[in-house]
Amino acid sequence: EEEEEEEEENEEEEEEEEDEEEPKPLHIDGEGRIEHGGELHALKNNQLVTVWDGVIPEEEVTVYREMCKEASVKKKVKRGKAYSRGQTYWVAANRDEKTLTGLEHYVKSIFDFHSKGTTYDANHSGAEWWSLVLDTDSQVGWHWDKDYALEGPLGLNIYPQLGTVTYLTTNGSPTVVAECVAPPPMTEEVPSDISSCFVCYPRTGRHLAFDGRFLHGATDLQNVVAKDDGEQRVTLLVNVWLNHKPLTAVPFRRPLSGAPPTPRPPASPTPATVAAPAATPTITTLFQGPASKLELNLNLPKDVQKGGCVYKVGPGVGTVTEAEGSKKKKRKIG
């Protein structure tokens with residue numbers, strides 16, 4: 001098993017070296033976003049989370065699902081590391097569509113749909129993607145999506161413009177997105193108040209898009225989750241990056257069975273049901289933050305325990321604070 005892990009690591013290192021390119025200088029705005037021209041329509045009018053249903057034709061769901069299963073990456077936590085290890089893949093904005101295979105067609109269509117109307121450097125923009133296949137009782141820990149390769153050398157939290165989830169089953173825990181952003185410098189504290197929180201239950205063919213700076217996870221809300229095949233929770237994750245390519249994302253080189261799917265632009269967004277926070281925390285958990293362990297408290301009402309729906313809860317839905325007894329990581333910046 002150790003030999004297999006060593007081989008996997010060597011392969012990843014070789015891919016990273018082969019695809020190494022000159023990074024684009026980073027320009028971060030006052031809200032912690034990489035600068036680009038125009039506005040992402042998923043975030044227009046202060047819309048922080050948007051959901052669309054029926055984005056995948058019913059007759060092609062099985063093909064998508066099987067390709068996601070083939071492409072899925074096991075997440076492992078290496079000894080001494082705070083985060084799980086798993087390879088992510090890259091489809092460049094200027095990639096020749098004739099070279100796209102299988103699932104990459106849909107990944108590219110997600111990037112094109114969400115980046116329409118914006119301006120960016122196509123040589124340093126694109127879609128970072130991976131797929132997850134989990135047992136229905138499994139959860140995805142709380143985290144921020146970012147370019148983790150920049151944590152150590154620069155001490156920076158650099159986020160994608162947009163995070164997205166496409167659900168290929170109606171199984172498992174909902175995705176919960178909290179309006180909580182860790183500042184770009186890792187030495188700065190994470191703001192404690194969470195003004196709003198979004199709960200999105202899996203539904204086959206559903207597509208969730210949210211501000212890429214936000215804290216999120218897939219967590220059990222102590223309800224009986226809906227199931228369609230009784231086996232697994234299958235999702236395709238795509239982050240939209242403009243004017244920056246995460247350093248460890250590499251081209252996908254394995255062949256996938258199945259014909260290239262037919263991309264379908266999302267129909268009108270699915271409205272979220274607004275709910276008031278509960279009086280006391282219903283979720284209390286510890287997770288690894290940028291510089292120390294953090295404690296998350298969310299006051300989610302019982303109303304959000306109905307599967308299949310999308311909810312917005314707030315304001316004043318929760319807090320993030322430094323965990324008691326947590327020691328901050330010492331980092332050499334520069």
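This is a predicted model: local features need pLDDT of at least 70, side-chain atom pairs count only at pLDDT 80 or more; totals for chains, interfaces and linings use all residues.
**Entry 1: aromatic pairs**

I began with the rings and found seven aromatic pairs in the structure. One of them joins F111 and Y120 in an edge-to-face arrangement, with 5.6 Å from centre to centre and 80° between the planes. I then looked up how much of each partner can be reached. F111 has 1% relative accessibility, so I put it down as buried. Y120 comes out at 29% relative accessibility and therefore counts as partly exposed.

Next I turned to W144 and F287, whose rings form a tilted pair, 5.8 Å centre to centre with 55° between the planes. W144 sits in the loop between β6 (140–143) and α4 (151–154), while F287 belongs to strand β15 (residues 283–288), so this pair ties together parts that are 143 residues apart in sequence. I checked burial here too: both W144 and F287 are buried.

I also noted one aromatic cluster, made up of Y89, W129 and F252. For a charge over a ring, I have K245 in my notes: its charged end sits over the ring of W90, 5.6 Å from the ring centre.

**Entry 2: salt bridges**

My search of the whole structure for salt bridges turned up nine.

- R33 bridges to E31, with the closest N and O atoms 2.5 Å apart. E31 and R33 are also linked with D211 and R213 in a network of salt bridges.
- D112 and K108 meet through their side chains at 3.1 Å, N to O. Both lie in helix α3 (residues 103–115), four residues apart, which is about one turn of the helix.
- E151 pairs with K146, the closest N and O atoms being 2.9 Å apart.

K108 has a relative accessible area of 6% and is buried, whereas D112, at 30%, is partly exposed.

**Entry 3: nonpolar cores**

Which residues touch the most other members of the largest nonpolar core? I wrote down W144, L215, L298, L300 and V320, out of 42 residues in that core. Strand β10 (residues 197–200) gives the most to this core, with four residues. There is also a second, separate core of 33 residues, and V107, F111, V234 and V238 are among its members. Two names were already in my first entry: W144 from the tilted pair and F111 from the edge-to-face pair.

**Entry 4: the six-stranded sheet**

Last, I traced an open sheet of six strands with mixed pairing, in the order β6-β12-β8-β10-β17-β14. Which strands lie at the edges? They are β6 and β14 (273–275), each of which pairs on one side only. On average, neighbouring strands of this sheet are turned by 15° against each other, direction ignored.

I then took a look at one pairing inside the sheet. Strand β8 (residues 175–178) and strand β12 (residues 215–218) run antiparallel and are joined by four bridges. As a handle for finding this pairing in the viewer, I noted that T175 stands opposite A218 in β12.

Definitions and conventions
Residues are numbered from 1 along each chain as its sequence is written. Side-chain values use heavy atoms; hydrogens and water are left out. Rings of Phe, Tyr and Trp (its six-membered ring) pair if their centres lie within 6.5 Å; planes under 30 degrees apart count as stacked, over 60 as edge-to-face and the rest as tilted. Buried means under 20% relative accessible area, exposed over 50%, partly exposed in between (1.4 Å probe, protein chains only). Helices (H or I, at least four residues) and strands (E, at least two) are DSSP runs, numbered from the N terminus. A charge sits over a ring if NZ of Lys or CZ of Arg is within 6 Å of the ring centre and within 35 degrees of the ring normal. A salt bridge is a side-chain nitrogen of Lys or Arg within 4 Å of a carboxyl oxygen of Asp or Glu. A nonpolar core is a set of buried Ala, Val, Leu, Ile, Met, Phe, Trp, Tyr and Cys residues joined through side-chain atoms within 4.5 Å. Two strands pair if DSSP finds at least two bridges between them. Axes are lines fitted to C-alpha atoms, for helices over the stretch in contact, and angles run from 0 to 180 degrees between N-to-C directions.
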